Amino acid sequence: MGENGVAAAVQGLSLEGGATFQEIVNAKKPYYSKRVELFEQYRARDVAAVEEAKAANVPITVVLPDGAKKSGIKGVTTPLGVANDISKGLAKKVVVAKVDGDVWDLFRPLEGDCSLSLHNFDDPEGKEVRPAAALAAHSAYGQLYLAAAATPGGCGSSRVLLRV
């Protein structure tokens with residue numbers, strides 16, 4: 001069955017009380033559109049905050065578990081950025097960060113001087129990764145996850161770490 005045949009088969013599926021797939025999607029479009037609009041607003045707010053922080057250029061010191069210190073910029077530097085500065089391999093493996101002992105989204109900018117530990121799935125901390133909603137609650141990505149989780153059949157029951 002070619003791509004067009006698959007698309008036609010999906011369009012003809014009967015779901016939820018006999019409605020077709022396309023009817024269900026059409027009925028949920030306002031909900032999805034509102035969620036996308038909210039995500040774009042949150043994302044724009046976060047981008048503006050980072051640009052403002054870049055302009056302010058407030059230096060911070062990030063202390064790693066071995067005592068090494070890395071320089072950063074308040075509101076700009078992220079745990080993933082620090083991991084990338086240490087090693088590209090580490091940046092590819094890291095799944096969660098702890099900032100001053102608190103679980104921290106890898107993309108969430110650091111808010112000041114702090115201690116930072118980076119964890120992959122081989123670490124006990126990495127194996128304890130919670131659903132993305134718990135990890136990314138303070139980021140726009142977290143809001144996107146929450147919107148998807150609220151959708152019937154969404155990702156609310158899956159244990160995934162949202163990485164964009």
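The model is predicted, so I keep local features at pLDDT of at least 70 and side-chain atom pairs at pLDDT 80 or more, while totals for chains, interfaces and linings use all residues. Numbering runs from 1 along each chain as its sequence is written, and side-chain values use heavy atoms, without hydrogens or water.

**Core.** I looked up the largest nonpolar core and got 16 residues, with Val62, Val94 and Leu118 among those with the most contacts inside it. The core rule takes buried Ala, Val, Leu, Ile, Met, Phe, Trp, Tyr and Cys joined through side-chain atoms within 4.5 Å; buried is under 20% relative accessible area, exposed over 50%, partly exposed in between (1.4 Å probe, protein chains only). Leaving aside neighbours within four places in sequence, I find Leu118 in contact with residues including Pro79, Ile86 and Asp123 (heavy atoms within 4.5 Å).

**Asp105.** What is the nearest side chain of opposite charge to Asp105? I get Arg108, 7.7 Å away; Asp105 is buried yet has no salt bridge (a side-chain nitrogen of Lys or Arg within 4 Å of a carboxyl oxygen of Asp or Glu). A polar atom of its side chain does lie 2.7 Å from the backbone nitrogen of Phe107.

**Salt bridges.** I count three. Arg108 pairs with Glu111, closest N and O atoms 2.8 Å apart, and Arg108 is buried at 15% relative accessibility. Glu51 bridges to Lys54 at 3.5 Å; Glu51 is partly exposed at 44%, and Lys54 is partly exposed at 43%. Arg45 and Asp46 also pair, at 3.5 Å.

Definitions and conventions. Lys and Arg count as positive and Asp and Glu as negative; His and the chain ends are not counted. A polar contact is a pair of N or O atoms within 3.5 Å; within protein, one must be able to donate a hydrogen and the other to accept it, and residues adjacent in sequence count only if both atoms are side-chain atoms.
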